[in-house]
Amino acid sequence: MSSIDIEWEYAGDPPESLNFDNITLSDISDAPTAEAPVISSQPVSQTVDFKSPTVLSVTANPPSSGTLSYQWYRNDTSTTTGGIAIQNANSNTYTVPTNASGPYYYYVIVTNTTEQSGNPITASTTSQVATVTVREATNAQVPTITRQPEGVNVNTGDPASLSVSATAPQGGTLSYQWYRMDSDIVGEEDGTPITGATQSTYSAPTQNAGVQTYYVVVTNTDNSQTGNKTATVRSQQATVTVKERTDAQAPTITLQPKDVTVNMEETATLSVTATAPEGGTLSYQWYRVDSDIAGDEGTLISGATESSYTAPTDNLGVQSYYVVVTNTDDSKTGNKTATVRSQTANVFVNERTNAQAPTITSEPQDEMVYIGQSATLSVEASVPGEGVLSYQWYQVVESDNQNGQEILGANNATYTTTAFKQAGTRSYYVVVTNTDDSRTGNKTATSTSRTAVVTVNDLPHGPGSPIITTQPQDRTVTVGTPVTLTVTATASAISFEEPMLRYQWYRNTTQSTTNAVPIEGANSPSYSVPTSSVGTAYYYVVVTNEEPRRLSDSISVNQIIESKAATSRVARVTVTPVQGNPNPPSNPTPAVPDPVVTPAPTTPAPAPTPASGVDVLVNGVPQNVGTATTTQENGQSVTTIRVNEETLQQRLNEAGNGAVLTIPVTDQSDAVVGEISGRMINNLEQSDATLRIQTPRASYTIPAEEINVNELASAFGSGTPLQDVAVRVRIAVSNADTTEQVQQTASSQGFDIVAPPMDFEIQAVYDGNVRPVTDFDRYVERTITLPQSVASNLVTTAIVFNSNGSLHSVPTKVRRIDGVLQAIVNSRSNSTYVLVSNPVSFQDTSGHWSEDIVKDMASRWVMEGASAQMFMPNRNATRAEFASALVSGLGLESRGSGSTFSDVNSNNPFYQDINTAVEYGLVDGFANGTFRPDEMLTREQAMQMLTRAMSLTGLSEGTSVSTNLSAFRDNDQLADWAREGAAASVSAGIIEGRKTDLLVPKGWLTRAETAAIVQRLLQRSDLI
């Protein structure tokens, strides 16, 4: 049943107690009632900030009759009983007070009032409870002053800047107001706010001498707080003391620099004389300008800081200079320096002509003789124009063409040695000098030949060994000119029969006896060389003494043949076009065909060849300890050489420490694999041995310790036996997909490929699992054979081409080895290597002292231009540019670590190179975690980085850090931390003075100097 309200009325006072337990209501069904309200929208619970306006509301459907009224209640619990009615809270909305934190509970009773027979009747509905949670009040954080304003002493008119640094770590916006006051006693009084002085820095007025005190109030405004949204802090006071200023006196030039006229490469000295009568110290800075108009601004000349300057005279023309003289007077309170600019002086450089270096058209060749014989060496040279050629032959200990011992009387184009008395090798070269007295400069110029090695063999031992008394000689002829090579040999009897000499001539494409082709029918002491095609080929003859040797005196006993052989020197035959022939053959490759050469078959790939014995060289001595097998894999022919461990170990034990194990492969397989057990590699490592794989296309030389076979084995699992691990060193022509990718990259980036890409790999294989060796701790040498049609100067560098399409250059040099041009590549990783041609030049280096250096470094991808046409050689280099040049020059590849510097991100063009430089220990940052990539680099900073680069190339092992720097007058300007690096750099010949006796350690390094330094580093390290 519904509840009803009962109103009691008493005629008199109500009783003290009433018992309503047993009230009997008569039938009240006809009693009048009001319609109860229906709540359609309940008040909603909320969580609000302190003092944040908050409104609760209720919505009740209007009744068919009557009037709705409202009464809001507050309670201590989440119930609708026991609440306290809120005064004046009589509408359907109620604004909740939020000036105290905590949870509060509210509900509303909605009453419908109507009349029946003139009497009011009501019905009520109670809402659900709404919880209002008021958060704790939060206030803005008081700023923290991290750097107080400090007092300054200035001269009148000088800037006086006061500054403050503050933070509010919890958030907010800082604002500032500076105040001026008349006392510097802290807190004595409030100052006067300075209009407009609302920044963290304030420039105090200094027009008048005197003392003024200031402070700043820092305010933090944080509108996110629910309490106080601002908080302030007052700084300490700072005093600005303004003094009357005095300035240094400007120097007086008493003798201006004068014009000078000289010949090229003669000395041109400019000088100035100046005084400062009122005191001070004079200093000088010379500038180069492009005109002699007074006032034209010039370019500062690094290191030109004396009263005299020696101008460069290596270029023809006129160049203008002036000097700025500075007087420095530290006793002055204002400007301590004052300058004056001299008049402009011109240096006129007249043409200087030098004798031209001779061109050696035919180099002296290696010879082979016996004890008691002499060797004849010859050279052919020419020089354009006037001039007289002279010759001087030298003998050297090593096979180089420097620092030889002059041979007295050996002054002709041909030199015949004295008869040799001992077996061994001797090395010779010749210096050809052109003397041209018509020149105004250097009247002589020289060219040095290659080093020719004369091998002196012991006289053949035992009877019957042939002795070659006349060797075949090199020849150079025009097309169609007959050429006959001849050998003369003698031999004694092997036993009692007369000697019977037989001859077999061979042809080769290189100056060696390896991989040569026998010439059918060439079996006499003389051989007529075909000369119908332009090119170069190499020939030698094997002379064999054969005779029957009887086993008994009976003529019925079968006879057998005993033989002994000797091999001649290799003779070079060069066929050139006929002089004046307008249409010489277009293919200048060695093309002296022999009619017996059979072309390679075009039949399907053969089945794997059975294993055959091959020689492996230990310190150059052949040892038959290997087997060779050729198979077809993925469309490539693969020759695998496997080495017999037991037999090889015996030979290595005999050779001792530092042995070189060479696996030579003479066939033309697409890929060559040298396979050695892990135990053998470990033994090689323990004896400091080196492994070398040599093929007609390339070679690979690896110190055994760089393979790190024990680490590889452990990667397969603890206890993996080394004898079960196979180490495979592979040299291969890149597959078609890689070659196509390289060609596409070359096309898009504008460089040329001059030799097929080659893959160099090392793998450890165990139980079907493979672990590659990708990186080394030192430079590892590879060689790639140049195609015969490629000139040595066409190769600018080798590049490493990665599988992801990225590339970087590596140090490369081209040398002739055994008569064949080889690119010698040094790097610290395995990958695909490509020889490329990438000639680069710039307009603004033409005639500059660094022109050839910049061309070399840019063509090798070591440095880039400021634009496609301009290099800006005299612009100061930045720290980032120098780090990049070192990384690119050394061919270093990043291991992929991220930046450690706050001011170097991935958008920086030098991002990767800076990270790589850090990985290899070339550079450091600053204590605050920055690198400052765009900051200019001093010469002493560069020297410090260079010493670290020298340690990577091994150059530091041959340099001295105790080099005496006293030869440089300004060595006292070196910082203590830079002295060791400077000594090492100077000792290595990488760093030179800007003048003979000036190191200029504090001077900025230019881009041209950067190129020169990196080039010298690579040259001194024998990497290019």
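This is a predicted model: local features need pLDDT of at least 70, side-chain atom pairs count only at pLDDT 80 or more; totals for chains, interfaces and linings use all residues.
**Helix packing**

Two packed helices are described by the angle between their axes and the distance between the axes. Take α6 and α7 to begin with. Helix α6 spans residues 879-890, and helix α7 spans residues 911-919. Their axes come within 9 Å and cross at roughly 70°. An angle of 65 to 115 degrees counts as roughly perpendicular, so α6 and α7 are roughly perpendicular to each other. The crossing is left-handed. On the α6 side, the contact is made by Ala880, Ala883, Ser884, Val887 and Ser888. On the α7 side, Asp913, Ile914, Thr916 and Ala917 take part. By class, this contact has five nonpolar, three polar and one charged residues.

The buried residues of α7 are Tyr911, Ile914, Asn915, Thr916 and Ala917. They pack against α6. Glycine 921 follows α7, with a positive phi near 75°.

Now α8 and α9. Helix α8 covers residues 939-953 and helix α9 covers residues 976-987. They pack at an angle of about 60°, with axes 8 Å apart. Here too the crossing is left-handed. From α8, the contact uses Glu940, Gln941, Met943, Gln944, Leu946, Thr947 and Met950. From α9, it uses Trp977, Ala978, Gly981, Ala982, Ala984 and Ser985. Seven nonpolar, five polar and one charged residues make up the contact of α8 with α9.

**Salt bridges**

Side chains of opposite charge can pair when their charged atoms come close. The model has 22 salt bridges. Among them are these:

| Pair | N to O distance | Sequence separation |
|---|---|---|
| Glutamate 367 – arginine 569 | 2.6 Å | 202 residues |
| Aspartate 474 – arginine 569 | 3.3 Å | 95 residues |
| Glutamate 675 – arginine 642 | 3.3 Å | 33 residues |

Glutamate 367 sits in strand β32 (residues 367-370). Arginine 569 lies in the loop between β49 and β50. Buried means under 20% relative accessible area. Glutamate 367, at 8%, is therefore buried. Arginine 569 is buried as well, at 2%.

Aspartate 474 lies in the loop between β41 (467-470) and β42 (475-478). At 22% relative accessibility, aspartate 474 counts as partly exposed. Salt bridges that share partners join Glu367, Asp474 and Arg569 into one network.

Glutamate 675 is in β55 (residues 671-677) and arginine 642 in β53 (residues 636-643). Glutamate 675 is buried, with a relative accessible area of 15%. Arginine 642 is partly exposed at 37%.

Technical notes:
Residues are numbered from 1 along each chain as its sequence is written. Side-chain values use heavy atoms; hydrogens and water are left out. Axes are lines fitted to C-alpha atoms, for helices over the stretch in contact, and angles run from 0 to 180 degrees between N-to-C directions. Helices (H or I, at least four residues) and strands (E, at least two) are DSSP runs, numbered from the N terminus. A crossing is left-handed if the near helix is turned anticlockwise from the far one by less than a right angle, and right-handed if clockwise. Contact means heavy atoms within 4.5 Å. Ala, Val, Leu, Ile, Met, Phe, Trp, Tyr, Cys and Pro count as nonpolar, Asp, Glu, Lys and Arg as charged, and the others, Gly among them, as polar. Buried means under 20% relative accessible area, exposed over 50%, partly exposed in between (1.4 Å probe, protein chains only). Angles under 35 degrees count as roughly parallel, over 145 as roughly antiparallel, 65 to 115 as roughly perpendicular and the rest as oblique. A salt bridge is a side-chain nitrogen of Lys or Arg within 4 Å of a carboxyl oxygen of Asp or Glu.
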